[in-house]
Amino acid sequence: MRASRLISLLLLLQVRGRMTAQQLADELEVSVRTIYRDVQSLSVAGIPLYGDPGDGGGYRLLDGYRTRLTGLTAGEAEALFLAGLPGAAADLGLGTVMATAELKLQAALPAELRDRAARIRERFHLDAPGWYQDGDSSPYLAAVADAVWNQRRIEVRYRRWAEPTDVTRTLEPYGVVLKAGRWYLVARTTGQLRTYRVNQVLGLTTLNEGFERIEDFDLPAYWDASVADFLATLHHGEARIRLSAAGRERLTEMLGPAVAAAVASTATAADDRGWVTAVVPIESAEHAHAEFLRLGAEIEVLAPADLRDRMRRTARSLGELYRVAQRPREAEQAPG
């Protein structure tokens, strides 16, 4: 374990340059005191590593020094091939680059690791989009990615939900995120970081203007916080429902884990027909109406009254539709 940590510390300094003891401790998930001991051990072993005191200081390797301890273990080689998403790379305009990089990686691996990587490709396939959707398609994704990489401002025409729906914005693109087959752009505008659906970009012009990124911006941390905020504000109300046994079996797939968890924690004992009563979170009456209809006759809304009334009107309309549609066939089948 300690040998692995010493190698990781050495490689961190090689890749990132100067780092403070606290930064190294955070990265390696150890105490600062442990970092001091590890640095001392590396110095005794002859590694040209030294520290600069004061503000702006930290540990770094002697200029020009590079370790050769960069060989991949079997597990690391397998993980690299599992991490590849060729579809996402192609969307970003990097499909050819990804293929070439994989070929170079395969050529650089020893025969044993090359065989293991081949078995990984034969046995595992990563398909990012969720069911019932093909993922986003946007003619501007590659241009967005290029602007992110080169730190160039972009002017976009963007379609949003609120009125006016079509707006023009000048953005400083910080990063792109692929979530469940959908591409999002994290960008700063008017001093604030915001998130945009890339497939809602109607037009894009790359400006001949660079910008300075926020120095300590962390894309994964920003995205995790955004997702947490979204989930915290997603549900604004609740509904009381009756659910059949068949409806409970399909609940997670059809209505999601939050609703399934609410049913599990609030459901009454099943009646003699297997139905339970439970309280579940909802976004709005409109959204819940559309979602609950997916369960058909396996769910009954008891409250709130306006949602129950929506469901009742829809059920009545469907009944009338199918009753009327049946009449011509009944007339055709009637004896002459």
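The model is predicted: local features need pLDDT of at least 70, side-chain atom pairs count only at pLDDT 80 or more, and totals for chains, interfaces and linings use all residues. Residues are numbered from 1 along each chain as its sequence is written, and side-chain values use heavy atoms, with hydrogens and water left out. The protein chain has 14 helices and 10 strands. Helices (H or I, at least four residues) and strands (E, at least two) are DSSP runs, numbered from the N terminus.

**Overall fold**

- Of the 336 residues of the protein chain, 29% count as buried. Buried means under 20% relative accessible area, exposed means over 50%, and partly exposed lies in between (1.4 Å probe, protein chains only).
- Take the contacts between residues at least 6 apart in sequence: 60% of them join residues at least 24 apart. A contact means heavy atoms within 4.5 Å.

**Strand pairing around β8**

- Two strands pair if DSSP finds at least two bridges between them.
- Strand β8 (residues 237–243) pairs with strand β9 (residues 276–282) in the antiparallel sense, over 7 bridges.
- Alanine 239 has valine 280 in β9 as its bridge partner.
- Strand β8 is also joined to strand β10 (residues 299–303), by 4 bridges, and these two run antiparallel.
- Arginine 240 stands opposite alanine 303 in β10.
- In a regular strand the side chains alternate between the two faces of the sheet.

**Aromatic pairs**

- The structure holds 5 aromatic pairs. Rings of Phe, Tyr and Trp (its six-membered ring) pair if their centres lie within 6.5 Å; planes under 30 degrees apart count as stacked, over 60 as edge-to-face and the rest as tilted.
- One of these pairs is tyrosine 184 with tryptophan 223, which is tilted, at 5.3 Å centre to centre and 50° between the planes.
- That pair links distant parts of the chain: tyrosine 184 is in strand β5 (residues 182–189), and tryptophan 223 is in helix α9 (residues 219–234), 39 residues apart.
- Both tyrosine 184 and tryptophan 223 are buried.
- Tyr174, Phe211, Phe217 and Tyr222 form one aromatic cluster.

**Backbone features**

- Most residues other than glycine have a negative phi, and most peptide bonds are trans.
- The peptide bond from alanine 303 to proline 304 is cis, with omega near 5°. Proline 304 sits in the loop between β10 and α14 (305–333).
- Glutamine 151 has a positive phi, near 50°. It lies in the loop between α8 (141–150) and β3 (152–159). Glutamine 151 is partly exposed, at 29% relative accessible area.
- Threonine 190 also has a positive phi, near 50°. Its place is in the loop between β5 and β6 (192–197). Threonine 190 counts as exposed, at 71% relative accessibility.

- Glutamate 172 is in strand β4 (residues 166–179). Its relative accessibility is 12%, so it counts as buried.
- Leaving out residues up to four places away in sequence, glutamate 172 touches Arg153, Val186, Ala187, Arg188 and Phe211.
- Methionine 311 lies in helix α14. Its relative accessible area is 13%, so it is buried.
- Leaving out residues up to four places away in sequence, methionine 311 touches His289, Phe292, Leu293 and Val301.

**The largest pocket**

- About 1800 Å³ of space lies in the largest pocket. On a 1 Å grid over the protein atoms alone, a pocket is an open set of points where a 1.4 Å probe fits, with protein on both sides within 12 Å along at least five of seven lines; lining residues have an atom within 4 Å of a point. Grid points are joined across faces, edges and corners, and a volume is the space filled by probe spheres set on the points.
- The lining counts 42 residues, of which Arg182, Tyr184, Phe230, Leu234 and Glu283 lie nearest the pocket centre.
- Elements giving two or more residues to this lining are β3, β5, β6, α9, α11 (251–255), α12 (257–266), β9 and α13 (285–293).
- Helix α9 gives the largest share of the lining, 6 residues.
- The lining divides into 22 nonpolar, 11 polar and 9 charged residues. Ala, Val, Leu, Ile, Met, Phe, Trp, Tyr, Cys and Pro count as nonpolar, Asp, Glu, Lys and Arg as charged, and the others, Gly among them, as polar.
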